[in-house]
Amino acid sequence: AEGDVTISIKDELISAPYVSLTIGLMKKFGVNVQIDGDMKGTPSFTIPAEEKYISPGSILVEGDASSASYFIAGAAITGGTVTVRGCGSESVQGDVAFANVMEQMGAKVTWAPESITVTRDPDTKLKGVDVDCGEIPDAAMTLAVAALFAEGPTTIRNVYSWRLKETERMKAIVAECTKLGATVEEFRDYCIIHPPKDNKVNDNVLIETYDDHRMAMTFSLAACAGVNVIIHDPGCTAKTFPTYFDMLEGI
């Protein structure tokens with residue numbers, strides 16, 4: 001640009017970790033972004049005209065933490081042990097925080113700089129949680145299915161952005177969780193999921209994916225608890241994870 005460029009947030013910055021990730025990556029390429037205001041409020045970002053991109057020569061590209069969330073939740077649901085590599089305690093991605101949510105529910109989480117290992121003692125049941133998921137809205141969908149196998153309700157807060165994604169995810173989550181036997185209370189920007197009695201999820205349910213890759217991957221996790229689910233249009237995962245079902249089968 002010929003002059004300074006300023007981007008001002010007028011309402012509320014959602015998914016702030018993705019913005020921080022972008023700013024950090026720009027810095028690695030020699031461009032410094034000036035931040036004014038609170039990242040959790042209505043900040044503004046200025047890129048001075050004199051800033052120019054310079055190659056750092058080499059850079060590590062992490063694995064996708066959003067995709068890792070399915071395997072992290074799968075381990076929490078089954079009580080097995082899964083290690084995801086490519087993102088860990090030194091990750092720049094906000095969605096690694098999903099592992100902390102699984103820990104709150106009762107899973108055991110072990111962090112390494114570039115990996116996360118999750119397991120759960122079979123004698124420790126998952127328990128419902130109340131979580132602000134404003135910074136992890138994609139991974140929060142995975143929490144909705146884990147909630148079906150927990151003791152007590154789970155409240156997923158600050159996810160109005162669900163309504164503005166590939167599909168109207170709030171409606172989709174409510175509809176498909178209800179098919180599986182849950183009672184779901186829907187509000188403007190949060191929902192409360194009450195699991196089925198004794199966590200007995202309905203078997204052989206056809207899950208509508210709404211042409212949304214995350215709906216397909218999220219609801220496939222019901223199978224981790226021994227529940228048969230039929231995923232309509234599984235090929236929609238090609239948007240971000242075309243080999244997802246192969247990898248899920250592999251573990």
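1. Helix α6, residues 213-220, is mostly covered: 8 of its 8 residues are buried. Buried means under 20% relative accessible area, exposed means over 50%, and partly exposed lies in between, with a 1.4 Å probe and protein chains only. The buried residues are His213, Arg214, Met215, Ala216, Met217, Thr218, Phe219 and Ser220. Helices here are DSSP runs of H or I with at least four residues, strands are runs of E with at least two, and both are numbered from the N terminus.

2. A word on the model. It is predicted: local features need pLDDT of at least 70, side-chain atom pairs count only at pLDDT 80 or more, and totals for chains, interfaces and linings use all residues. Residues are numbered from 1 along each chain as its sequence is written, and side-chain values use heavy atoms, with hydrogens and water left out.

3. What do the buried residues of α6 pack against? The partners are α2, α4 (137-146), α5 (169-179), β11 (205-207), β12 (229-231) and α7 (244-250). Contact means heavy atoms within 4.5 Å. At the N-terminal end, Asp212 caps α6. One of its side-chain oxygens sits 3.0 Å from the backbone nitrogen of Arg214.

4. Helix α2 covers residues 65-78. This helix lies across β4 and β6 and runs at about 165 degrees to β4. Axes are lines fitted to C-alpha atoms, for helices over the stretch in contact, and angles run from 0 to 180 degrees between N-to-C directions.

5. Look at Ser69 in helix α2. Is Ser69 buried or exposed? Ser69 counts as buried, because its relative accessibility is 1%. Its side chain reaches the backbone oxygen of Ser66 at 2.7 Å. That is a polar contact: a pair of N or O atoms within 3.5 Å, where within protein one must be able to donate a hydrogen and the other to accept it, and residues adjacent in sequence count only if both atoms are side-chain atoms. Leaving aside neighbours within four places in sequence, Ser69 touches Phe98, Ala139 and Thr142.

6. An open sheet of 3 strands has the order β4-β6-β5, with antiparallel pairing. β4 (82-85) and β5 (108-112) are the edge strands, each pairing on one side only. From one strand to the next, the twist averages 15 degrees. Strands pair if DSSP finds at least two bridges between them. β4 and β6 (residues 115-119) pair over 4 bridges. Arg85 has Ser115 in β6 as its bridge partner.

7. Cysteines. How many disulfides does the structure hold? The count is 0. A disulfide is taken as a pair of cysteine sulfur atoms within 2.5 Å. For Cys87, the closest cysteine sulfur is in Cys133 at 17 Å, too far for a bond. For Cys191, the closest is in Cys177 at 7.4 Å, again too far for a bond. Cys87 is buried at 3% relative accessible area, and Cys191 is buried at 0%.

8. Overall fold. The protein chain has 7 helices and 12 strands. Its radius of gyration is 19 Å, close to the 18 Å that the globule rule gives for 251 residues, so the chain is as compact as a globular protein of that length. The radius is taken over C-alpha atoms, and the rule is 2.2 Å times the number of residues to the power 0.38. Along the principal axes, the C-alpha atoms fill a box of roughly 60 × 35 × 35 Å. Of the 251 residues, 46% count as buried.
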